[in-house]
Structures are given as C-alpha cells and as structure tokens.
Amino acid sequence: MTHPLIEFRNVHKTLGSTYVLRGTNLKIPRGKITTIIGKSGTGKSVFFKHIIGLLTPDAGEIICDGKPMSEMTRAERWEWRGKFSYMFQNMALFDSMTVYDNVALPLDQGTSLSRDEIRTKVHERLQQLDLAGIDHKYPSELSGGMQKRVAMARALVTSPEIILFDEPTTGLDPIRKNAVHSMISEYQNKFGFTVILISHEIPDVFLITQQLCMLDEGKILFQGPPEDIQDVNDPMIHAFITGLTNPQDELTGMGTVTQGKQDYQNAMTRLKDEKSAFSIVVLTLESIDAINENLGHIKGQMILKNFSAAVQQHIRKEDSCSRRGLKQLMIVRQNAGAEDARQFCFRLAKALRKEQITNGAVPELPALNISAGFAEAPLGAAFDDVLANAGSRESTFLEFKIQ
Amino acid sequence: MAPMTTNDNKIGRPLAQPPETLLSRLFEPLGQRVVGLVNNLGAAAIFLIKALVLIFGRKQFRAIVQQINIIGAKTVNIVALVGFFTGMVMGLQLYYTLVKYGSTGVLGSAVALSIIRELGPVLTAIMITARAGSSMTAEIGIQRNSEQIDALFTMRIDPIGYLISPKIAAAIVSFPILTALFDLIGILGGYISGVVLMGVNEGAYFYRIQSSVEMTDINGGFIKSLVFAVIVSTICCYQGYFTHMRKDSYGARSVSFATTSAVVLSCVSILVADYIVTSFLL
C-alpha cells in the first residue's frame, strides 16, 4: 500500500481563543518511528488528540489509512481508536491497581477474551518486558524505569498497530533515557507497529527515528529523515536544533552523530590542505541485543557506556570518537591508512577486557561480540560512501570476542 | 483589498468582544453565574443519565459488588453507632417532654415515626456522604489529575461506565439497606434510654410503635433514601470527575476543594430534597 497511515491535510483548529493548528500538513508512514519535535505549547498534544479522534479539526481533513476521518461512521471511528495505544508522559498507571490488573485492564474491559487467555497474554508481555514476578506489586512500589516498562506493557498488550508516546524520556537520566529509546526501537523492530513520538531529546532520538517532523506555531516546518534537518537553512529550525543539541552524546560522552559528520569534514579539509591521510573505524557492540533481552535495557546501556569509555582510553589525542547509532561508535583516525586502522582494531581487541566493560554483570555470557569495520577516506569522498565502505562485510570487517 | 492570509481568515479569529458599559459590568457577573449554574446542572443531568444507562453494561456486576462493599458494608458500623445514639437521645429528650403531659406511653410511636420518616434517611445519607462520598470524590479527582481517566479514554473504556456507574448503582442498593439498619438500631436506642433507663412501660413502647407506624411511613423513608442515594453519588462523582475544570484551584488543592464542595453540596441537597420529597409524601 502506497498511501501513508495518517495524513493531515491543511488542518486548522482553534481551542477557546487560541489558534492552535494553522494549516498542518503531515504524512505519517506505516511501520516506522516518526518523531514530532517542537517548542512547548506548539500544539503537539492537540495534534495527538486529532490523530486519535478525541478532537476534530475546524477545517482541513485527516486521512486515516486512506479514508477521510470526517466520512467515517461512528463504528469506524471506534474501530480506528482501537488501533492505538497511548503512552502518557507521566505513565498514567492506575495507582490503586496491581501491575497485573493495570496491564490486564484493556483486555478485560475492551475484549471478550476469557480470564485464562488474558492471563496468558499479560504474562507474555510482562515476560517480554523483563517484568516477570511483579504481578502483585503496586506502581508506587516500583522504580521509575520499571513503571515506564509497565506502562509500555499496558500499551503493547492489545497488540496495537500504532503507539503514541508523549515525551517518554522526560526527566530520566542518560542511561534510562537511552534504555527507553532502545526499548522503543527494539519492540518496534520486533512487533512492527507504527510509532509516533513526541520528544525533546535531540539528538538522542535521532538514533531511533526514521522520520522527523518539526511543529511550530501549528505548522509543520520540517518533515523528513533526521539527518536532513541539519542541512535545512531555515533560521528558526536551525536555532531550535542547535539550541537543544548537546555537542556531546550524554550516554557515551563522545560526539553526537552530527559531530561525527563534522569531524569527518574537518579531517577531509586537512587531507586536502596537508595531504594527511585518515581512516574511519566503526565499532559495533553486537552483544547488546542479547544483553537487552536477558538483562534489561538499563544494563545494556550501562555496558554500552562502559564500552565507550574503554574505547576512548585507547584512542590518540588527535583522533575523534562519536556515536553512530544505538550500538555503534565511529572513530576518525588521523594520519592513518587502512593498514594502521586494521592494526588499531587488533590492538583494541587485545586490550579490551570483558570484566572492565560489564563490571561482572553478565557472567553467563562467555564473551562480548564486537565487530569492527574500517576504511581509508579517499580525497573528496562523501562521508556516507566511506562509512558504507567501512561497514561492508567483504572488504574490511573484523569480529572480535572479548573475554 | 489585500489577499487574506491564513491568520486573517475566519477560522482562527477569536470572536469580537462588545464594549464594556456600566450595565454590562453590573449584570455580566450575575449572568455568568446563572449560565454557569444552568450549565453545571445540565452537565450533571447528562452525567447521571449516562451513568445510569451504563450500569447495565457488560462486566459491571463484579464492580458493583465491590462498590457495595466499600459504600455499604464498610459504612455499617458508623451508621449503627450514629443510629444507636440518635435513638438514645430521642428517647431521652422525648421522655422529658412527654412526662410533662403525662403521656410517656406514646414514646414508642414518637421515636419510631421521627426516625423512620425523617432522621433515618437523612442521617444515614449524611453519614454515607461523610464516609464514602468524600472518598469517592477524592479518588476520582486524583484519577482525573493523574490522567488515569484520559488513559481509560485512550483504551476505549468509557470512564463513566467504568468508574461512575458502579458507584451510583452501589449507592442505590446500599442507601435503603443502611437506612433500614439505622431505623432498627435507632428504635433499639430509644428503647434503651426510654424503657431501660427511664422506666417507660416496655409493652406500651412496642405496642405504640406497632399501632402508629404504617407501611406508607416505611416506604416514604425508603423513597427518600433512594432519592438521597442518587443525589449524593451524583454530586460526589461529578465533583471528582470534573476536578480539572475547577477555576478556583489546581492539582492537589483542587482535589481537596472538590471533596469539600462535594460534602457541603451533598448535605445541603439532602436537606432541600428532604423537604421537597416530604411535601409530596404527606
């Protein structure tokens, strides 16, 4: 199917005396993560309420799965709302109900499943989210991260097609923030639902999102892949992005994805001017998926943090290191050809110790799998091409097991 | 004429305000209050009708039984205690009044009729308001403030059906039963103070009760208790459900204000409704 899952066509909405949506045009693709960014009070939650059908536009049209919402019958709207789950910013768990009852509620009230079927489904979700054995606890007895996971279990238990996340990481520390992002990304991959996310976590959220939309004054200023937003010339977008962007990735303490690109450009300038060769090395912590699954995402993020710190100890002063993805780091190695980069990878493989990275957290895991790719940058080569070359399996790809 | 931009068109423009005059300054607040009151009454009526209809929804039986436990069963002790002492005081006061006229023999009918017709339904309703009504408002108010009610909406669960209907149904079941309990224990209280302590003839006490109390008195008491059940549960649930719409306060304070309003409004409404229902019954 070619049509987008949700499409806003010139939607206007006034609430009281406030003109909130001023001709919003937006397409939300199916099965992807779409992130909505924008200043507070720019109509993001009003936008969410329109998607779910709690508010209707004053003018314009919302096309849901190819059908205009205004032409939907009551039953069809009800059906449409059944495709959604909504994860609130403050979780909105029922604090007088146990974890089990919280997760079971949408099934108990909204479906005609038997008690046994509900129990099986709830336990399956709790298990998947690493929450087994806490059925009888109340939300207030759980840590913030666990409450988030319970809220996520409740959102996932009805197997929704679309999940709306309203600032899921606000107020969390870098490890937990990254853990929530990695959770959203993992479950989105696993279950294939569509995610619409409101977030202020720039640039962290760029690591998981496939489409970025910037809402300002009720209009969409930007819509496209996150890497493109940096190249937009609009001063408003530029000011917003740079205002929020931390030059360092909070979790790893390394440069951000954008910073990495900048490092490459700087090295390329030096190559042009001083003819000093450089290479890029891409390190991927392959074991992280297994760690996330077995030990939870928080442990996974802690191990990623330790891994980054360990790598940083082995790079030279003139090299620069940045985060490339949820489990990937990139090093721009100055004055180094491909052979030097290869030697560096071997030295790194010998020097890294599993104990140092995991702090003894995963004794059952015999070794940490790390893959490394490297490529020397030819003069004038585009960043993406060199990066693709570094990651290509045929030429320069190494796999280490760190014990 | 300059072309219209999006900001100038009729969609986003707030309505033009008429100029302020002395008359408008005098009558506007009054008008606002009246409109607000009518709005609230209308909203409460719709709220009640919706809740009553949804009582008959699926999976409601278990929730109603749970609420009967909270509103009814857990209020038994306090209703019994208040009923007992009300009966004792009635026995004592009426004894000293009647003894002046040498007609202590009618103590039984005086105690029984005043309790069954008036005090039973009214005091039971006020006690349930104080114990269960206030907690209903606070619970729903907190659920509103912590977005739990919005979460229900997004799960396609009607919050009125899920949260309010069982409470109103449970109140309708519990109020008459607790009123009957209050009546019985009140008469027993009157017996203890009048007969046991003051020495009124035991046979006369019960004979007078039997001869003067008629089924219409008892039915009248039950009708009142049913009316009070609907009023109290609606006011308490409504105040909690619309905690977020309060203009006088926000957050935790709005819950406390809503609870206070619920209790005060319920008590006043019980007495007003008592007068109206009594005037129809007599």
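Author: Residues are numbered from 1 along each chain as its sequence is written, and chains are lettered from A in the order in which they are written. Because the model is predicted, local features need pLDDT of at least 70 and side-chain atom pairs count only at pLDDT 80 or more, while totals for chains, interfaces and linings use all residues.

Reader: What makes B:Tyr205, B:Arg208 and B:Ile209 buried in helix α7 of chain B?

Author: A residue is called buried if 20 or more other C-beta atoms, placed from the backbone, lie within 10 Å of its own, exposed if 12 or fewer do, and partly exposed in between; in α7 (residues 202–212, a DSSP run of H or I with at least four residues), these three residues count as buried. They cover an arc of only 100 degrees around the axis, taken from the directions from the helix axis to the C-beta atoms, and therefore lie on the same side of α7(B). The face turned away from that buried side carries the exposed residues B:Gly203, B:Gln210 and B:Ser211.

Reader: How do you know that 23 Å agrees with a compact globule for chain A?

Author: The radius of gyration is taken over C-alpha atoms, and the globule rule is 2.2 Å times the number of residues to the power 0.38; for 403 residues a compact globule would have a value near 22 Å, so the 23 Å of chain A agrees. Of those 403 residues, 43% count as buried.

Reader: What makes residues of chain B count as in contact with chain A?

Author: Two residues are in contact if their C-beta atoms, placed from the backbone, lie within 7 Å, and 16 residues of chain B are in contact with 22 residues of chain A.

Methods: Helices (H or I, at least four residues) and strands (E, at least two) are DSSP runs, numbered from the N terminus.
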